[in-house]
Amino acid sequence: YRSSLRFPVTILTLIAYSVVNDLHGKPSIVMMIPLQRDLHNYGATTIRYLIGSVGVILAIFFLFMSGLLENFVLKRLLLMHHELIDIGNSGDLSRRLKVEGDDEIAKMAKSFNHTMSMLRHTQDNLKRSEERFKVMSDASPIGIFLTDANNHFIYLNKKFTEIFKTELGELIDETWNGFLEPLADKQAETAIVTGKIGRAHV
């Protein structure tokens with residue numbers, strides 16, 4: 001026998017050729033034998049199943065992670081976003097975010113609630129301070145008024161309204177110098193200097 005030759009015909013089969021010599025050692029017969037590529041086919045099938053399995057596992061993992069991200073992160077962040085908008089629109093510093101769990105999102109909500117508590121405390125102190133100032137200024141024997149950065153009236157005490165027979169609503173667009181000058185430039189300035197009228201700038 002001579003060495004056999006093998007040629008693939010398809011991915012599933014191959015053909016083997018072999019030359020058979022006669023008694024005198026001369027080529028006599030060419031044998032052709034079709035062979036099934038079982039090992040190759042088994043390996044190819046295994047690889048296909050492996051690739052398919054990996055694809056299915058990745059798809060399941062992606063859906064699972066998407067569900068976790070949706071339920072435990074995105075949904076909570078969206079809820080927090082709506083709560084923040086509601087708190088901002090209400091202007092109520094006593095409202096707080098709901099805190100669930102002990103993860104980073106919960107810690108962020110706790111930090112926000114702590115900030116809101118500090119703001120509420122500061123607001124309460126400011127309100128009490130304003131109330132004390134109003135009580136003292138209303139009891140003052142001199143006229144007191146407050147102005148903003150543009151010299152517009154923002155507060156008048158009772159004595160000021162008695163002196164000039166006016167209310168804050170009537171002076172909302174007036175500046176203090178624009179209001180006092182027409183009345184009596186000199187007299188108004190003298191009143192401020194002598195202490196009959198007190199002015200504070202805010």
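Residues are numbered from 1 along each chain as its sequence is written, and side-chain values use heavy atoms, with hydrogens and water left out. Because the model is predicted, local features need pLDDT of at least 70 and side-chain atom pairs count only at pLDDT 80 or more, while totals for chains, interfaces and linings use all residues.

Let's start with helix α1, residues 38-90. Helices here are DSSP runs (H or I, at least four residues) and strands are runs of E (at least two), numbered from the N terminus. After α1 comes Gly91, with a positive phi near 70°.

Which residues of α1 are buried? They are Asn41, Arg76, Met80, Glu83 and Ile87, with buried meaning under 20% relative accessible area, exposed over 50% and partly exposed in between (1.4 Å probe, protein chains only). Part of what covers them is α2, residues 104-138.

Ile105 shows how that looks from α2. At 12% relative accessibility, Ile105 counts as buried. Setting aside neighbours within four places in sequence, Ile105 is in contact (heavy atoms within 4.5 Å) with Phe72, Val73, Arg76, Leu77 and Met80. Val73 is 32 residues away along the chain, yet the C-alpha atoms of Ile105 and Val73 are separated by 7.9 Å.

Now for the rings. A pair of aromatic rings is described by the distance of the centres and the angle of the planes. Rings of Phe, Tyr and Trp (its six-membered ring) pair if their centres lie within 6.5 Å; planes under 30 degrees apart are stacked, over 60 edge-to-face, and the rest tilted. The whole structure has 5 aromatic pairs. One of them, Phe133 with Tyr155, is tilted, at 5.6 Å centre to centre and 55° between the planes. Phe133 is partly exposed at 31%, whereas Tyr155 is buried at 13%.

Phe160 and Phe164 form another tilted pair, at 4.7 Å and 40°. Both lie in helix α3 (residues 158-164), 4 residues or about one turn apart. Phe160 is buried, with a relative accessible area of 0%. Phe145, Phe153, Phe160 and Phe164 form one aromatic cluster.

Definitions and conventions: Expected span 1.5 Å × (residues − 1).
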